[in-house]
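Subject: Structure handover

Hello,

Here is the structure for you to take over. My notes on what was found in it come after the display.

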Amino acid sequence: MSGSSVRVWTDGACLGNPGRGGWAALLRWGDRERLLSGAEPATTNNRMELMAAIVAIETLRCSCKVELSTDSQYLRQGMTEWVPRWKTNGWRTAAKGQVKNRDLWERLDTACTRHQIVWRWVRGHNGHVENERVDQAAREAAEKLPQDLAK
């Protein structure tokens with residue numbers, strides 16, 4: 001797949017925030033596609049958005065050109081605007097505070113280094129076929145977790 005072009009759609013969901021969370025990613029290259037999903041018992045929606053992108057990018061075995069579409073401005077802006085500044089500022093915000101979800105931002109930043117990634121935003125819950133698929137898969141992953149694990 002070296003030099004290939006891969007399309008990716010990601011989404012995260014949380015039943016309560018914090019609460020049971022799920023994430024999903026749809027990867028498409030040529031006429032092949034793969035749907036990935038997972039869940040965590042006590043998390044936030046933002047962490048699930050990040051996990052969807054992390055797992056999608058980490059799944060790619062070779063360097064690729066990636067177009068990643070998300071309905072999360074938090075994820076898109078984080079990767080296109082905030083992470084470069086946070087790294088320059090020693091992983092501090094402009095107000096000198098701790099970066100929330102730093103562990104996941106660093107993991108995603110590392111995963112992205114071998115790829116050429118274009119980050120796209122799509123409006124969620126607007127009938128976009130791939131976004132609706134990952135939204136449903138993320139919600140289903142969260143719903144499969146027993147409620148008592150979320151505590």
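Which residues does Asn101 touch, not counting those up to four places away in sequence? They are Asn46, Arg47, Leu50 and Tyr74, where contact means heavy atoms within 4.5 Å.

Before the rest, a note on the basis. This is a predicted model, in which local features need pLDDT of at least 70 and side-chain atom pairs count only at pLDDT 80 or more, while totals for chains, interfaces and linings use all residues. Residues are numbered from 1 along each chain as its sequence is written, and side-chain values use heavy atoms, with hydrogens and water left out.

Asn101 sits in the loop between helix 2 (73–88) and helix 3 (102–112); helices (H or I, at least four residues) and strands (E, at least two) are DSSP runs numbered from the N terminus. Its relative accessible area is 16%, so Asn101 is buried (buried is under 20% relative accessible area, exposed over 50%, partly exposed in between, with a 1.4 Å probe and protein chains only). The side chain of Asn101 also makes a polar contact, at 3.0 Å, with the side chain of Arg47. A polar contact is a pair of N or O atoms within 3.5 Å; within protein, one must be able to donate a hydrogen and the other to accept it, and residues adjacent in sequence count only if both atoms are side-chain atoms. Although Asn101 is not a glycine, its phi is positive, about 65 degrees.

Trp91 is in the loop between helix 2 and helix 3. Its phi is near 60 degrees, a positive value in a residue other than glycine. Trp91 has a relative accessible area of 9% and is therefore buried.

Helix 2 against helix 3

The axes of these two helices come within 11 Å and cross at roughly 90 degrees (axes are lines fitted to C-alpha atoms, for helices over the stretch in contact, and angles run from 0 to 180 degrees between N-to-C directions). Helix 2 is therefore roughly perpendicular to helix 3; that word covers 65 to 115 degrees, with angles under 35 counted as roughly parallel, over 145 as roughly antiparallel and the rest as oblique. From helix 2, Tyr74, Leu75, Gly78, Met79, Val83, Trp86 and Lys87 meet Trp105, Leu108, Asp109 and Cys112 of helix 3. The residues of this contact divide into eight nonpolar, one polar and two charged (Ala, Val, Leu, Ile, Met, Phe, Trp, Tyr, Cys and Pro count as nonpolar, Asp, Glu, Lys and Arg as charged, and the others, Gly among them, as polar).

Cores

The largest nonpolar core has 34 residues, and those with the most contacts inside it are Ile57, Leu68, Leu75, Trp105, Leu108 and Trp119. Such a core is a set of buried Ala, Val, Leu, Ile, Met, Phe, Trp, Tyr and Cys residues joined through side-chain atoms within 4.5 Å. Two or more residues each come from strand 1 (5–15), strand 2 (19–29), helix 1 (45–59), strand 4 (65–70), helix 2, helix 3 and strand 5 (116–121). Helix 1 gives the largest share, nine residues. A second, separate core has seven residues, including Trp9, Ala13, Ala24 and Ala138.

Trp105 is in contact with residues including Leu50, Val83, Trp91 and Val99, leaving aside neighbours within four places in sequence.

Other positions

Leu35 is in strand 3 (residues 32–43) and is partly exposed, with a relative accessible area of 42%. Its C-alpha atom is separated by 8.5 Å from that of Ala137, 102 residues apart along the chain.

Glu58, in helix 1, counts as partly exposed at 40% relative accessibility. Glu58 touches Arg107 and Ala111, not counting residues up to four places away in sequence. The C-alpha atoms of Glu58 and Ala111 are separated by 5.8 Å.

Asn131 lies in helix 4 (residues 129–144) and counts as buried at 1% relative accessibility. Among the residues Asn131 touches, beyond those up to four places away, are Trp9, Asp71 and His125.

Lastly, the peptide bond from Asn17 to Pro18 is cis, with omega near 15 degrees. Pro18 is in the loop between strand 1 and strand 2.

Regards
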